[in-house]
Amino acid sequence: MSQNITIREITDIKSFEALREQWDTLIESSPTQDAFLTWEWFHAWLKSYGKNAKIRIFTAWENDTLMGAAPFMTIQQKKLGLPFRILRTLSAPECDASGFLLKNGNEAALQALLDHIVTRSGGWNALEFNRYAMNNLETRVIIDDLKKRGFDLHEISHKHFYVPYTTIGSWDNYFKAINSNFRRKLKKTEQGMATLGAYSVKRFKGKDVTWETVEAIIEVNRHSSFPNICNSEEDQTLHKELIKAMADKGWMDVYILFIDDKPSAYLYGFLYNNSMGYWRVGFDRRIDSSVAVGVYLLSQVIKSGFDENQKELDFLRGDEEYKNRWTDAYRDYVNFKAVPAGRLLSRLAFTWAPKINSTLKGWFKRDHE
């Protein structure tokens, strides 16, 4: 290795707090960039969900320069009735994307981080990587390296659909290109909105996002398909911490549909590097179902993206069928667990059993089609 890379492990929140400026500099030069990899996101998560997590953030240094970072944590999990320790992506499952941060894609830092995690980090039975984009530099390197070392991997692939604003150019171009049946649905929805009452879409961005904004989201969720969102103490603390950490950055971006002054639908995400990733969405199911208020709100968000010359709208995790109605563009992502050779119980629990389960589900689905 031509560079003198040393690895330091961060295991407490105070040490992570001291890294803020260097972390910001690192992510600005990293090929992998996402709101879920920012110092602000991790700090908010650690102050809420991470209070009982064993932090293990691996950092790569060349002298006093931070060259790379791999954010992980150790968790305890039972499988097959047995306890296991897993080295898991930090902030999973709340994050919708992850990866390694590497200064200018530095491959020496990537290899040093991976070598340390695999051979010297210790204290785990299995590795778990969540929400890694297949087009990121580190993802393929990590998968190939682990296979060469004899690790057994269980991979689950999924798609992140997105609307590429810059390629399409305008809302009119976009509207003409979507499926004709869906075009009719959008028109019908827009015409039907007036039957529900006086309606408006309000946007809250950056410092405009307050706890009152989150309370409006909570009110919608009480009557949505996901009534528990924002209800737990951890989740509410996460949002309070995000408001504090991201206010000056302008990343938090919330659209709320009001009908007769009552919050009725919302779309909430992060506007990062001029790309909107929508993290959470919901609507009040008591509203007349013949008018798709969620569809109307999302159409307004997409129009705003075109008007502001944003790069894209990323639908983030989940490849639900409805997303494919809005766009056919997507990126491949992967979750994978890795277990070293020789750990038979761990391989049975984390790779063999899931593979057998997936095969059985495939057979069952085939036999009932």
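Which residues touch the most other members of the largest nonpolar core? The legends below, which describe a predicted model, begin with that core.

**View 1. The largest nonpolar core and its most connected residues.** Among the 59 residues that make up this core, those touching the most other members are Trp23, Trp41, Leu242, Phe270 and Trp279. Helix H3 supplies the largest share of the core, with six residues.

**View 2. The surroundings of Leu242.** When neighbours within four places in sequence are left aside, Leu242 is in contact with Glu40, Trp41 and Ala44, with Ala247 and Met252, and also with Tyr268, Phe270 and Trp279.

**View 3. The buried and exposed sides of helix H2.** In H2, which spans residues 20–29, the residues Trp23, Leu26, Ile27 and Ser29 are buried. These four lie on the same side of H2, because the arc they cover around the axis is only 165 degrees. Glu21 and Glu28, on the other side of H2, are exposed. The elements covering the buried residues of H2 include helices H1 (13–17) and H3 (39–47), together with strands E2 (54–62), E3 (65–79), E5 (101–102) and E10 (262–272).

**View 4. The packing of helix H9 against helix H10.** Helix H9 (residues 211–221) packs with helix H10 (residues 233–246) at an angle of about 145 degrees, their axes being 10 Å apart, and the crossing is right-handed. From H9, Trp211, Val214 and Ile218 meet Gln236, His239, Lys240 and Ile243 of H10. The residues of this contact comprise four nonpolar, two polar and one charged.

Key
Residues are numbered from 1 along each chain as its sequence is written. This is a predicted model: local features need pLDDT of at least 70, side-chain atom pairs count only at pLDDT 80 or more; totals for chains, interfaces and linings use all residues. Side-chain values use heavy atoms; hydrogens and water are left out. Buried means under 20% relative accessible area, exposed over 50%, partly exposed in between (1.4 Å probe, protein chains only). Helices (H or I, at least four residues) and strands (E, at least two) are DSSP runs, numbered from the N terminus. The arc is that of the directions from the helix axis to the C-beta atoms. Contact means heavy atoms within 4.5 Å. A nonpolar core is a set of buried Ala, Val, Leu, Ile, Met, Phe, Trp, Tyr and Cys residues joined through side-chain atoms within 4.5 Å. Axes are lines fitted to C-alpha atoms, for helices over the stretch in contact, and angles run from 0 to 180 degrees between N-to-C directions. A crossing is left-handed if the near helix is turned anticlockwise from the far one by less than a right angle, and right-handed if clockwise. Ala, Val, Leu, Ile, Met, Phe, Trp, Tyr, Cys and Pro count as nonpolar, Asp, Glu, Lys and Arg as charged, and the others, Gly among them, as polar.
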